[in-house]
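Please read them beside the sequence and the model.

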Amino acid sequence: MKMPTVALVGRPNVGKSTVFNRLVGKKISIIEDTPGVTRDRIYGDVTYNNYKFHLIDTGGIDVGNDDFNKEIIVQATLAIDEADVIVFIVDGKEELNQNDFVIRDMLKKSNKKIILAVNKIDNEKRKDEIYGFYELGFDNIIPISGEHNLGISILLDEITRDFKPYEKEVDDNRIKFCVIGRPNVGKSSLVNAITGEEKVIVSNIAGTTRDAVDTNFTYDKEEYTIIDTAGIRKSGKIYENIEKYSVIRAMKAIERSNVCVIVINAEEGIIEHDKHIASYALEAGKPMVLVVNKWDTMKDKSIAEYTKLMRNEFQFLSYVPIVFLSAMTKKRIHTLMPEIKKVYENSKKEIKTSVLNDVVRDAVILNQPPSYKGKRLKIYFVHQQGTMPPRFVFNVNSNKLVHFSYERYLENKIRESFDLEGTPIQIEFKNRGEE
């Protein structure tokens, strides 16, 4: 089942980011501790009751600020195109201004469901002030305060009113993988190269204009579905040039995939945006393969040298395999599918409880947890509680005694003992007696 998309739109300083963080919740900060990833948070997934949706926060639209604003208007236009519901946020403490009316005109043309959220209404007395905003011509007006968490559940009720309850796609036993990456890294060529291999039998299923195209194929007697995010079937340079658009596409494809193939252009090298896209796959708990495409153009670097560069830049994906190939010439293309299959199998791996406890016991003997205020972490028992990705629950004396670096150490020890290449693993510490 494809998740709906909701866009937050408004002029600068109306509190969109605060509302975004409130809707997405604090769990979004998993990645912030990760070395090598810094980014403005403008995409996230929201779970509310039985509903789930993608959330996009667009840049503040300001008609007075020419050059910079052109890109923001384009980004907002793309988000509006992609969205099923638009939340137009205005500042409840200020009068309406020219920017609000420009945005209103943009939104009226979209023919989408629009909710007008009047932000910064932080007490009952101020609720009367929302009547001035009916001038914008929207019927659906909700007073909220992102900062004080007021009216947020009413807003969520209205956003999800016409959504279907979220159900995971029924597994059809095919391995689904998506090809994600920035524009112009060669995603389409890679899809063509994979599905054009002799071993492959292909059937196309066209998506709608707003969705990726799924292609079913058989490789080495196994069934696969490739989800291609490359085909932005819209005319005009504007759609190809906005890098942020690729993340909206990537997020939707990641949600539906068992494996994410992240494509880097060898000629251009690694840029920050590549890491952003990879970090969304990590956050979603998906196994990954890193592909360095256009390898035929690299005459001055060996695979060993480029691997070192990749490991340095993608420190947070040290466990992910790297494949070097050229989609155009098909050179080394045969190296990719076996890696996709392997990381998928690893994400489903189940480890025997007794063996897992032996490994953890040895790790603790080798390196005791650091003590904190005279107290030391004690690990009583470990068990695996799920797959895709593998999730391990540690029963401990106090989860407040777990240091980030010690958690990293335990993860590394588990990885050393069991082949979990390509898949993230999740570790949770529960106090003894906790459900």
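**Notes on the model**

1. Leucine 325 counts as buried, because its relative accessibility is 0% and the limit for buried is under 20%. The model is a predicted one. Leucine 325 belongs to the loop between β13 (322–324) and α10 (336–347). Leaving aside residues up to four places away in sequence, leucine 325 touches Leu190, Val291, Val292, Asn293, Lys294, Trp295, Lys331, Arg332, Ile333 and Leu336. Between the C-alpha atoms of leucine 325 and alanine 266 there are 9.4 Å, although the two residues are 59 residues apart along the chain.

2. Some totals for the chain. It has 12 helices and 18 strands. Of its 435 residues, 51% count as buried. Taking contacts between residues at least 6 apart in sequence, 72% join residues at least 24 apart. The chain exposes about 20,800 Å², of which carbon and sulfur atoms supply 48%.

3. How many aromatic pairs does a search of the whole structure find? The count is 13. In phenylalanine 177 and tyrosine 224, the ring centres are 6.3 Å apart and the planes stand at 80°, so this pair is edge-to-face. The pair links distant parts of the chain, with phenylalanine 177 in strand β7 (residues 175–180) and tyrosine 224 in strand β10 (residues 222–228), 47 residues apart. Phenylalanine 177 is buried at a relative accessible area of 0%, and tyrosine 224 is buried at 1%. Ring pairs also link Phe177, Phe217, Tyr219 and Tyr224 into a cluster.

4. The strands that hold this pair are themselves joined. β7 and β10 run parallel, with five bridges between them. Tyrosine 224 in β10 is the bridge partner of isoleucine 175. Five of the seven residues of β10 are buried, so β10 is largely enclosed by the rest of the structure.

5. Tryptophan 295 sits in the loop between β12 (288–293) and α9 (303–313), while tyrosine 306 is in helix α9, 11 residues apart. Tryptophan 295 is buried, with a relative accessible area of 9%; tyrosine 306 is buried too, with 2%. Trp295 is also one of the residues that leucine 325 touches.

6. Two arginines lie over tyrosine rings. The charged end of arginine 415 sits over the ring of tyrosine 319, 3.8 Å from the ring centre. Arginine 432 lies over the face of tyrosine 380, at 3.8 Å from the centre of that ring.

7. β16 and strand β17 (residues 391–396) run antiparallel and are joined by five bridges. Among the residues involved, isoleucine 379 has valine 396 in β17 as its bridge partner.

Technical notes:
Residues numbered from 1 in each chain as written. Predicted model: local features only at pLDDT ≥ 70, side-chain atom pairs only at ≥ 80, totals over all residues. Heavy atoms only, no water. Phe/Tyr/Trp six-rings, centres within 6.5 Å; stacked < 30°, edge-to-face > 60°. Helix = DSSP H or I, 4+ residues; strand = E, 2+ residues; numbered from the N terminus. Buried < 20%, exposed > 50% of the residue type's maximum accessible area, 1.4 Å probe, protein only. Lys NZ or Arg CZ within 6 Å of the ring centre and 35° of its normal. Contact = heavy atoms within 4.5 Å. Areas by Shrake-Rupley, 256 points an atom, 1.4 Å probe, with all protein chains shown as cover. Pairing = 2+ DSSP bridges.
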